[in-house]
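Thanks for coming, everyone. I'll keep this short. Please look at the structure first.

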Amino acid sequence: MNIIKKTIDMGNGNVIEIETGKLAKQADGSAVVRMNDTMLLATVCAKKEAGENVDFMPLTVEYQEKYAATGRFPGGFFKREARPSEHEILIARLVDRALRPLFPDDFHAEVQVQITLISCDRETAPDALAALAAASAIAVSDIPFNGPVSEVRVSHLDGQFVINTPLSKIDSADLDLIVAATDENIMMVEGEMKEVSEDLMLEALKAAHNAIRLQCKAIAELTVEAGKTVKRVYCHEENDPELKEAMNKAVYQLCYDFAKQGIPNKQLRAEGFDKIKADYIESLNLSEEELAAKQFMIDRYFHDIEKEAMRDMVLNERTRLDGRKLDEIRPIWCEVDYLPCAHGSAIFTRGETQSLSTVTLGTKLDEQVIDGAVIEGTKNFLLHYNFPGFATGEVKGNRGLSRREVGHGNLAWRALKHVIPTGPENPYTIRVVSDILESNGSSSMATVCAGTLALMDAGVKISKPVTGIAMGLISKGDKWAVLSDILGDEDHLGDMDFKVTGTRDGITACQMDIKVDGLSYEVLSKALAQAHAGRMHIMDIIEATISKPRDDYKPFVPRIVQIQIPKDCIGAVIGKGGEVIQKIQAETNTVINIEEEGDFGIVDVASSNKDDIEAALEWIKGICAVPEVGTVYQGTVKSIVEFGAFIEILPGKEGLLHISEYDWKRSDTLENLVHEGDTIEVKLIEFDEKTGKMRLSRKALLPKPEGYTEPERAPRRNGGERRPPRRDGESRGPRREGGERNHLNSGGNHRR
């Protein structure tokens with residue numbers, strides 16, 4: 001067994017080890033990457049031949065976290081790992097976007113990369129190591145690949161850039177990015193920020209790139225030591241150079257001239273290019289059999305020529321496919337409060353891209369529970385992005401959530417999360433849903449803008465509006481053009497898709513995919529500056545539609561009032577088996593949630609009816625209230641006994657109204673004077689804080705009769721408490737264990 005290991009010192013005590021030759025040796029390539037006690041196993045397998053008429057890279061990247069890696073059981077009925085979570089999908093997408101551009105253009109054999117978290121120390125984030133593991137597995141295989149490539153996490157903490165930040169410190173950072181790069185070029189960026197400047201972001205990319213170069217050097221050395229410098233020979237495309245040359249002469253200029261017309265409508269542009277191709281095919285005078293044999297090749301060549309003509313047109317004419325200038329934003333219109341029954345709603349339309357977004361406000365019971373192998377907890381701000389087929393005029397069944405929908409939704413969620421209020425300012429669980437109704441590029445950025453509008457329409461007190469824009473790049477030789485607010489076609493034909501979101505004060509999230517070598521920091525700086533100008537233009541339109549969150553929520557939105565109660569009152573409010581809290585909710589038509597926080601219980605009471613909330617709050621406050629001697633209470637008669645009556649003066653708190661304290665006149669019984677359920681005004685005259693026993697008096701609230709003389713006072717009992725005077729025939733009740741008599745018992749503890 002030939003085991004090869006490479007060690008990379010990343011500084012600050014972080015050492016990464018790459019090992020190959022021990023595990024999964026029947027895969028085309030496999031490697032284990034370890035940092036501290038976090039370990040990832042990556043494997044790669046490729047088919048020997050491509051499928052028939054395949055002109056794309058059929059790459060599949062899977063990422064899975066084993067629960068055993070953190071010593072946990074999976075949840076659910078089957079107690080085993082199931083379909084990937086959104087967290088796992090997002091990590092797989094990060095790796096896919098780093099690897100995909102680096103396979104040769106004419107390599108179309110199916111490739112599968114699988115990355116498995118096999119050990120995790122909970123401080124070393126596995127997402128920062130996943131691409132390194134995948135690239136290492138490819139490096140020790142014979143699969144052709146224009147790498148090496150790797151990823152790191154870069155964070156900005158306390159004024160310093162930190163590489164592969166510990167999990168416990170990520171939330172404290174004001175910038176958190178995952179960056180993928182080769183030795184020469186940055187390939188992919190994804191992350192979130194707390195309103196940082198463009199300059200700080202560029203510095204973060206440089207810091208990340210320097211760290212990635214160390215990893216790329218180790219991967220290159222690993223390839224040599226594993227003896228995998230020679231890759232497999234392949235030819236996965238059939239070509240006809242003469243046909244390609246003839247097509248180029250026949251249709252290139254036609255495509256160039258048509259693109260130069262600047263047609264805003266996507267469908268009309270597509271129909272125009274289709275006609276050029278159809279006219280060319282007709283000019284060939286091929287039989288059905290000859291056309292069938294050449295159709296796939298003609299389609300591929302025409303696509304390449306059309307792409308080249310459009311790119312050249314943009315670089316030479318400095319104008320866009322839809323007639324815009326390079327930095328011009330498509331026409332925008334917005335509307336809020338479109339849906340009368342939604343808690344908040346908005347339409348954002350930019351050109352031929354449209355998002356209808358809604359906001360729903362719920363209670364803590366609506367929070368999302370996250371139960372992953374590494375990430376656990378709850379989330380009270382959710383954003384979901386949906387992309388149906390009709391958005392692009394396609395017939396496509398809804399077969400569940402796509403990875404693209406997960407990724408675009410997560411980007412918009414990152415963009416907005418830092419402006420969502422927290423703590424007492426926001427007792428709600430918030431769900432934003434963006435349904436894309438039309439799409440011609442930048443639908444994730446339309447989601448950010450529509451989400452901002454819908455949140456303000458709902459009355460959510462976001463700190464600042466957020467907008468987003470997608471930037472593109474076309475480059476050829478020493479010519480390049482940065483495009484603002486790119487179309488779908490410009491994304492497809494271009495060299496970069498760079499999405500930037502932010503407030504007026506800084507960037508909140510970004511996502512960048514680069515498809516070309518040699519992208520300089522000068523170009524990135526230009527793209528960021530142009531993106532800032534575009535975002536401010538969109539911000540003006542957003543704020544003209546609705547400038548700030550509504551002062552109040554809509555009438556039908558559930559109101560949530562939050563109060564604090566003493567920690568030792570939580571049990572009393574909940575009751576045995578939840579009996580008390582369920583009763584409060586049922587009788588007041590509210591939803592109540594209690595969480596322990598420090599020395600207090602945080603109580604949320606939710607209802608769309610203000611009076612119901614007040615009733616529930618009074619009930620809860622009554623349970624938690626401490627009885628005060630001398631205070632007058634409106635009590636409810638709970639039971640009548642031979643020596644008096646037990647009166648509930650606060651929820652769950654009862655005291656004894658002795659016969660002698662009912663009136664200045666002598667009474668032998670209260671049975672004909674009060675009845676169970678009666679409301680009676682009483683004064684608390686004695687309260688034992690240790691035992692909770694309470695003595696009540698109605699007599700103390702009545703004027704003393706003239707000539708009234710106090711009866712002889714009874715001697716004190718043990719502990720100093722005076723025994724009330726015994727009346728003829730009066731029984732003091734049976735003694736309980738320990739000698740205590742019933743008639744002084746209080747608040748729910750007396751025996752009846």
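I'll go through a helix, a helix pair, a strand residue, some backbone angles and the cysteines.

First, the ground rules. This is a predicted model, where local features need pLDDT of at least 70, side-chain atom pairs count only at pLDDT 80 or more, and totals for chains, interfaces and linings use all residues. Residues are numbered from 1 along each chain as its sequence is written, and side-chain values use heavy atoms, with hydrogens and water left out.

Some terms. Helices (H or I, at least four residues) and strands (E, at least two) are DSSP runs, numbered from the N terminus. Buried means under 20% relative accessible area, exposed means over 50%, and partly exposed is in between, with a 1.4 Å probe and protein chains only. Contact means heavy atoms within 4.5 Å.

Start with helix 13, residues 579-588. Which of its residues are buried? They are I581, I584 and T588. These three sit on the same side of helix 13, because they cover an arc of only 60° around the axis. That arc is taken from the directions from the helix axis to the C-beta atoms. Why does such spacing work? An α-helix has 3.6 residues a turn, so residues three or four places apart point the same way. Turn to the other side of helix 13, and E579, A586 and E587 are exposed. What do the buried residues pack against? Their partners are helix 12 (570-574), strand 23 (591-597) and helix 14 (610-624).

Next, a helix pair. Helix 1 (residues 86-99) packs on helix 8 (residues 403-417) at about 95°, and their axes are 10 Å apart. The axes are lines fitted to C-alpha atoms, for helices over the stretch in contact, with angles from 0 to 180 degrees between N-to-C directions. Helix 1 and helix 8 are therefore roughly perpendicular. The cut-offs are under 35 degrees for roughly parallel, over 145 for roughly antiparallel, 65 to 115 for roughly perpendicular, and oblique for the rest. From helix 1, the contact uses E86, I89, L90, A92 and R93; from helix 8, it uses R403, R404, V406, G407, H408 and N410.

Now strand 3, residues 29-35, which holds A31. A31 is buried, at 1% relative accessibility. Leaving aside neighbours within four places in sequence, the contacts of A31 include I18, L40, A133 and A137. A31 is also 117 residues from P148 in sequence, yet the C-alpha atoms are 14 Å apart. P148 is in the loop between helix 2 (130-139) and strand 7 (150-157). The peptide bond from G147 to P148 is cis, with omega about 0°.

On to the other backbone angles. Most residues other than glycine have a negative phi, and most peptide bonds are trans. N36 is not a glycine, but its phi is positive, about 55°. N36 lies in the loop between strand 3 and strand 4 (38-46), and is partly exposed at 40%. D158 also has a positive phi, near 50°. D158 belongs to the loop between strand 7 and strand 8 (160-163). Buried or exposed? D158 is exposed, at 77%.

Last, the cysteines. A disulfide here is a pair of cysteine sulfur atoms within 2.5 Å. The count is zero. For C216, the nearest cysteine sulfur is that of C510, 19 Å away. C216 is buried at 3%, while C45 is partly exposed at 34%.
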